[in-house]
Amino acid sequence: MTASERHNATVTGTGSRAIVFAHGFGCDQNMWRLVAPAFEGDFRVVLFDHVGAGGSDLSAYEPAKYASINGYASDVVELCRELDVRGGVYVGHSVSAMIGVLAAKQAPELFGELVLVGPSPRYTDDADYVGGFTEAQIHELLEFLDNNHMGWSQTMAPVIMGNADRPELAQELTNSFCRTDPEIAKRFARTTFLSDNRADLEGVAQRSLVLQCSDDVIAPRAVGDYVHRKLPDSVFVQLAAGGHCPHLSAPEETIAAIRAFL
Amino acid sequence: MRPLSSTGPIGDAAAGEDLQDLFENAPCGYVSALPNGQITRVNLTLASWLACDRDQLVGRRFQELLNIGGKIYYETHFVPLLRMQGFFNEVALDLVRAGRSPLPVLVNAVERRDDDGRVRFLRITVFNASDRRRYERDLLEARRAAETAGDALRELNLSLETRVAEAIARRMEAEEALRQSQKMEAIGQLTGGIAHDFNNLLTGIIGSLEMLKTRLSQGRLDDVGRYVTAGRDAAKRAATLTHRLLAFARQQPLEPRPTDANRLVAGMEDLVSRTVGAAITVEVVGAVGLWTVLVDPNQLENALLNLCINARDAMPKGGRLTIETANRWLDERAADERDLPAGQYISLCVTDTGSGISPEVVGRIFDPFFTTKPIGQGTGLGLSMIQGFVRQSGGQVRVYSEMGHGTTMCLYLPRHHGPGDEAEVAGEAADHHHTATGETVLVVDDEPSIRMLIADVLTDLGYAAIEAEDGAAGLKVLQSQTRVDLLVTDMTLPGGMNGRQLTEAARKVRPGLPVLFITGYAENSLLGNGQLEPGMQVVTKPFTMDALVRRIKDMLAQP
């Protein structure tokens, strides 16, 4: 199986330079449906699903490999090499922002620019560092995930790939957007919220854009500032859009910011 | 509030009031929110569930009401979903309540858009899921308990198997120890019995030889024949004893012949009478027209004598001993009872008027080494050897006994359809007429004394004898031009070539060469279960020179 098949990759657009969109924790490549088409005129647009999400090959999920976001970064490198991406643009949302940073360090030739939407190198506060979550909150989250009650499966029902216990429910609620395997999502949450990649921000060679949302519970302003400060060559843009997903809630503003940067 | 009419139209004000009531007191929580989740309106039901004022809720974002897991999943999963498909349904979340446990809820949300497609507000509906969550928790606990119980049961089963296996192993060890001790006891009985019998016979043989030597040295040759006869008889009985032992082990090649049991019994009557003594009356009842049976007559004689001795021992104060023969038709049922195939049999029964045998003992009398006699007075092999011989002859032994009245032991033997034994006797007699005409016999045996005896006997009879000590030496003779009319070879030979292999090599250079095998019990397998090629015969050790000579003459007389 090729990396493209494993990641359900779709390549569109007429440009010669590639722009790769990476979805974050909680959804799949559908996240980019309002943004990606805007770049098809100038770029070769690459969309893909991380293993465990969307149309990816679930059997490729290896708990050990994906216990760290380095596993996801290796996938990005493998996929982009297979698609012959060189000096392209990487657009990563949420945890995929840091996945892109790691991929760019593993294979510097792949990308010329990085666009980081709501990035966070560490979600837990640490001494002077403000991550947005106290250690107690992260523990509460992990405990919440571990006590995986049936209701939680119900919570996930709209976003799971079929529900073995209640197929009629899945039929009713499952949609073509944002499919994730609940068990893998749980592990992905653990990987994401326990990660600390602050050190990896140092020495990034690529030009970078930090897109910061307003009122983002997941990645608050202080974190965006930190990322901007640590990245050697970065631009910081504060969006008017609120929440954690500006590419869905304010696609035009997001597109404009990216275009301006490029 | 005015009572509502169920029949007439209601006014606008009343309808508004009705809808207001429905909104505020609906059995679910209602929230209107801005696209970013900021609450603009909330009903009384939700406010009361959250135990706070409505004012405290308006202005806050809906996701702020959630616990930390809910907040994160709401932002990462449900907001994108709502944006992309316009709604989400039945999402299980926990609403945080100040000073109280979180409220489990199911949440539905839908975007309300204006004509231009812009989101005007979110309608969020909240269902109290406390009962459902409790039910789910109970269900999960029950499932976990069932799994734990299942695990425990599997564990128990595994350990049960181990425990049973251990118990069985211990039991088998105990049984093995018991068997071993029984075996040792049996060997004690056996060695005692055999030593007793053999010592008697050896005493007779040694004594006879000593007397013979004395008389020869004295030159008194007139009555030496007595000692020769006595010594030979004792040696023959010793040979019979080893035959009986081998028959018991079913190693003894039987020599079945068509036999008239009546004649055999008649020939034994005198011996039986003398053996059992005067206190016991012996009566023989021979059936008229008794069928012929195919058995080894010597073994049958032994068996009969053995049964009579047992009968004698059961009647220490005297009594009556009856030997009876009869023809028997055993139908399926009768045959089943006797563990035989249905058909025609003869019975040879020995009945005593003695003490009888208790049922417990009846169950054991055929066990090897079982005896009621003291050590040294019996091998305990008698009945089991009889049974071995009779079973080997296609028959069965049955016991009928009544305590205080006596015992009947019956041998059932299958009828033989064929010529009687007279012809055999006539043939034997004819054989003796063959006389030597310079025939040469090659004798191969590693035991010098046997080789010497055979050669001497042959020379006395006018034959030429060539001796060889092993297969290689024998083969050398056979491969030469030397005349050889008969090969007599021991089955067991030293030097890597046994009698059978020697024979195969011999017949390559001399096809059809007559061969007489001499064999002990152990080489029966070498004979291929008695399947001998034409021109081959067997004589078993120990044998008398007479028997050997008869056999050699017989073979040389064949055309």
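This is a predicted model: local features need pLDDT of at least 70, side-chain atom pairs count only at pLDDT 80 or more; totals for chains, interfaces and linings use all residues.
To start with the overall picture, chain B has 559 residues, and 27% of them count as buried. Taking the contacts in chain B with a separation of 6 or more, 62% are between residues 24 or more positions apart.

Next come the cores. The largest nonpolar core holds 104 residues, and the ones touching the most other members are Ile19(A), Val20(A), Val46(A), Val91(A), Ile99(A), Val115(A) and Leu116(A). Take Val91(A): leaving aside residues up to four places away in sequence, its contacts are Ile19(A), Val20(A), Phe21(A), Ala22(A), Val115(A), Val117(A) and Ile258(A). There is also a second, separate core of 35 residues, with Val293(B), Ile365(B), Ile386(B) and Tyr412(B) among them.

Back in chain B, five strands form an open sheet with antiparallel pairing, in the order S2-S1-S5-S4-S3. Strand S2 (39–42) and strand S3 (87–97) of chain B sit at the edges with a single partner strand each, so one side of each has no neighbour in the sheet. On average, neighbouring strands of this sheet are turned by 30 degrees against each other, direction ignored.

As for S3(B), it pairs with strand S4 (residues 100–113) of chain B over eight bridges, in the antiparallel sense. Within this pairing, Val91(B) has Val107(B) in S4(B) as its bridge partner. Helix H4 (residues 68–85) of chain B packs on the sheet and touches both S3 and S4 of chain B. The direction of H4 makes about 155 degrees with that of S3(B).

Conventions. Residues are numbered from 1 along each chain as its sequence is written. Chains are lettered from A and ligands numbered from 1 in the order in which they are written. A residue is buried if 20 or more other C-beta atoms lie within 10 Å of its own, exposed if 12 or fewer, and partly exposed in between; C-beta atoms are placed from the backbone. Two residues are in contact if their C-beta atoms, placed from the backbone, lie within 7 Å. A nonpolar core is a set of buried Ala, Val, Leu, Ile, Met, Phe, Trp, Tyr and Cys residues joined through C-beta atoms within 7 Å. Two strands pair if DSSP finds at least two bridges between them. Helices (H or I, at least four residues) and strands (E, at least two) are DSSP runs, numbered from the N terminus. Axes are lines fitted to C-alpha atoms, for helices over the stretch in contact, and angles run from 0 to 180 degrees between N-to-C directions.
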